[in-house]
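Open the model in your viewer and keep the selection panel at hand. The stops below say what to pick next and what to look for.

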Amino acid sequence: MEKEVKNISVANDEIGSVQIADEVVAVIVGLAAIEVDRVAAMGDDITSEIMSKVGIKNLAQGVKLAIEDMKVSVEVKLTVEYGYNIPATCAKVQEKVKNTVENMTGLTVTDVDIKVAGVNVQGR
């Protein structure tokens, strides 16, 4: 069964309109989150991060969005590296996701909720 793709209209003028698929916003969130140091993987399965090292990546994994009237609420599920301050890491993810989504899409991010679903202890 194919997932319904929702488009968010972010611009409409005499030249035409610009719409962004919600999946694109989810990928932007995933990319922003994984760029933060001490984030091991998106979602709760470290195997997916290992698979991404060989070129198989679902950047929207672990991302949920609620979009209405040019405002987006984001929920991110991720795995963090062992031995680091989890609240500080999550605060960096929140800031990075908010700034990146707002800059790239023009949407207003109302909140970024983080669920830490795992701790990566590989290499320990």
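Select Y82, I86, V116, V119 and V121. These residues make a nonpolar surface patch, with about 390 Å² of accessible area together. Patches here consist of residues with over 30% relative accessible area and no salt bridge; nonpolar side chains (Val, Leu, Ile, Met, Phe, Trp, Tyr) are joined within 5 Å, like charges within 9 Å. Areas come from the Shrake-Rupley method with a 1.4 Å probe, and for residues only the protein chains shown count as cover.

A note before moving on. This is a predicted model: local features need pLDDT of at least 70, side-chain atom pairs count only at pLDDT 80 or more, and totals for chains, interfaces and linings use all residues. Numbering runs from 1 along each chain as its sequence is written, and side-chain values use heavy atoms, with hydrogens and water left out.

Stay on V119. It sits in strand β6, residues 108-120. Helices (H or I, at least four residues) and strands (E, at least two) are DSSP runs, numbered from the N terminus. V119 counts as partly exposed because its relative accessibility is 42%. The classes are buried (under 20% relative accessible area), exposed (over 50%) and partly exposed (in between), with a 1.4 Å probe and protein chains only.

Now the charged pairs. How many salt bridges does a search of the whole structure find? It finds three. The criterion is a side-chain nitrogen of Lys or Arg within 4 Å of a carboxyl oxygen of Asp or Glu.

Select E35 and K96. Their side chains form a salt bridge, 3.0 Å from N to O. The pair links distant parts of the chain, 61 residues apart: E35 is in the loop between α1 (22-34) and β3 (39-42), and K96 is in helix α3 (residues 86-105). E35 counts as exposed, at 51% relative accessibility. K96, at 31%, counts as partly exposed.

Stay in α3 and pick K98 and E102. This salt bridge spans 2.7 Å, N to O. Both residues lie in helix α3, four residues apart, about one turn of the helix.

Next, select E75 and K115. Their closest N and O atoms are 3.7 Å apart in a salt bridge. Here too the pair links distant parts of the chain: E75 is in strand β5 (residues 71-81) and K115 in strand β6, 40 residues apart. E75 is partly exposed at 22%. K115 is partly exposed at 45%.

β5, α3 and β6 make a right-handed β-α-β unit. To check the hand, point the strands away from you: in a right-handed crossover, the path from the first strand over the helix to the second runs clockwise.

Zoom out to the whole protein. It has three helices and six strands, in the order β-β-α-β-α-β-β-α-β along the sequence. Of its 124 residues, 32% count as buried. The protein exposes about 7,700 Å², of which carbon and sulfur atoms supply 49%. Last, display contacts (heavy atoms within 4.5 Å). Among contacts with a separation of 6 or more, 65% come from residues 24 or more positions apart.
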